[in-house]
Amino acid sequence: MNSPRTRSDAPDSATPLKKTLTTPLLYFFILGDVLGAGVYVLVGEVAGEAGGAVWAPLLAALCLALLTAASYAELATKYPRAGGASHYATLAYGPFTGFIAGYCMLTAGIVSVAALTRGFAGDYLTEFVTLPVALVAVVFLAALALLNARGIRESTRANVVATLIEVGGLVLVVVLGAWIILRGDADLGRLTELGTPSEGPATAVLSGAVLAYYSFVGFETSVNVAEETRDPRRSYPRALFGALLTAGAVYVLVGVAASAAVPTGVLTESGGPLLEVVKVAGGVPTGLFSVIALIAVANGALLTGIMSSRLAYGMARDGLLPQFLTRVLPGRRTPVAAVVTTTVLSLLLALTGDVATLASTLVLLLLVVFFIVNTAAHVLRGDGGVPGHFRVPVVFPVLGAASCVLLATRIEADVWLRGLIVLAVGVVLAVFAAVRKRRAAERGAAPRTPSDS
């Protein structure tokens with residue numbers, strides 16, 4: 001493995017991506033990715049782990065997510081280019097670790113799109129029409145791929161509309177919860193019920209925070225469009241922290257509304273806990289939430305698909321994946337080869353797996369990535385990068401890495417087993433990539449990476 005020697009100014013041979021994203025578009029991109037379908041089902045699971053005070057683990061998860069987000073903000077403005085965690089890990093540790101980080105992100109993204117596709121074809125859709133899962137998956141993913149390939153501006157503009165609808169649905173829950181409280185049908189005592197018969201308050205908050213953390217996942221995908229942002233040094237930190245704080249405020253208010261309005265046992269047993277709030281309040285068609293959920297799922301899949309394609313493009317440009325993935329669409333200059341490849345892989349997974357199987361290892365894979373990113377931010381502190389980049393106190397990356405370890409200790413053994421299998425495949429692929437690079441170097445045509453000068 002070669003150690004990195006030059007970091008901030010590696011030349012690129014691939015066609016640069018077009019800079020079109022403004023701060024508001026980037027803010028909605030991140031907010032839309034964070035405010036995904038998970039919050040519509042996770043409130044009940046969090047209640048089962050933490051008790052009636054659902055807002056507490058949601059707030060704890062926000063604080064933990066902000067630690068890692070601080071490292072991402074520094075690195076994304078220091079090295080504003082597609083590739084994200086893979087690029088940062090390559091700069092800090094060399095191409096082998098860069099491949100592992102990128103592989104985990106890419107795998108998580110592809111699996112996430114597949115899981116969201118299965119979710120789109122499930123119960124929410126059958127409220128209106130029953131169609132074969134395979135047909136829905138093909139049409140759904142093809143539509144998303146076309147929008148992705150058309151351009152980042154078109155994709156993010158569609159995301160603005162979808163995000164407003166998602167936020168509107170959550171705001172509706174908050175308003176209905178407030179109405180239930182005002183008319184005297186709520187139990188405010190549940191807001192202070194923290195802990196379960198098997199776990200004390202502190203342990204319950206941590207267990208609930210692991211599940212709640214999933215609700216904040218998505219902010220990390222935005223670094224892969226930093227290269228397409230007009231002024232990333234100014235725009236990215238504002239958009240990132242603004243979106244996370246907005247999502248956190250919405251989640252905490254939703255948690256308060258759900259806990260006060262619905263008994264904890266009902267929340268825990270419900271597959272659609274926010275729908276229980278709608279039922280208690282009355283006056284709002286329950287079918288409305290099915291529409292909102294479908295929009296949330298589609299929007300999450302679109303944004304994750306954008307991330308996956310840009311990440312594949314960035315890794316290929318760094319010599320970690322086949323070079324054909326760097327091909328862009330003439331005129332539009334979008335990574336069309338990466339879009340098609342990641343879409344096909346997501347389709348294959350969607351046709352062969354179920355939602356639970358596809359989603360079970362996502363958090364673990366991302367915790368691996370977040371640990372690498374936090375430690376890379378610390379290692380790269382001495383590198384200049386882009387002048388005037390955003391900078392955080394050194395304690396933030398340290399605490400961010402520690403938070404990943406802490407959360408990983410709360411993940412179940414069967415998830416660890418699946419995650420370790422996925423990681424083992426990544427290690428094998430990384431070894432093949434290293435061998436390929438060495439052989440190419442012996443032929444005098446080594447693929448260039450940021451570790452080469």
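Proline 273 counts as buried because its relative accessibility is 0%, where buried means under 20% relative accessible area with a 1.4 Å probe and protein chains only. The model is predicted, with local features needing pLDDT of at least 70 and side-chain atom pairs counting only at pLDDT 80 or more, while totals for chains, interfaces and linings use all residues. Residues are numbered from 1 along each chain as its sequence is written, and side-chain values use heavy atoms, without hydrogens and water.

Proline 273 lies in helix H12, helices being DSSP runs (H or I, at least four residues) numbered from the N terminus. Helix H12 spans residues 273–281, and its buried residues are Pro273, Leu274, Glu276, Val277, Val278 and Ala281. The C-alpha atom of proline 273 is 6.4 Å from that of valine 43, although 230 residues separate the two along the chain. After H12 comes glycine 282, which has a positive phi near 75 degrees.

## The largest cavity

A cavity is a set of points on a 1 Å grid over the protein atoms alone where a 1.4 Å probe fits but cannot get out, and lining residues have an atom within 4 Å of a point. Grid points are joined across faces, edges and corners, and a volume is the space filled by probe spheres set on the points. The count is 1 cavity of 30 Å³ or more, and the largest cavity has a volume of about 130 Å³. Among the 16 residues lining the largest cavity, Val113, Leu141, Ala301, Gly305 and Thr343 are the closest to its centre.

Helices H5 (95–120), H7 (133–150), H13 (287–317) and H14 (336–352) each supply at least two residues of this lining, and the largest share, 5 residues, comes from H13.

Methods
1 Å grid on protein atoms, 1.4 Å probe; cavity = no way out; pocket = protein on both sides within 12 Å on 5 of 7 lines; lining within 4 Å. Buried < 20%, exposed > 50% of the residue type's maximum accessible area, 1.4 Å probe, protein only.
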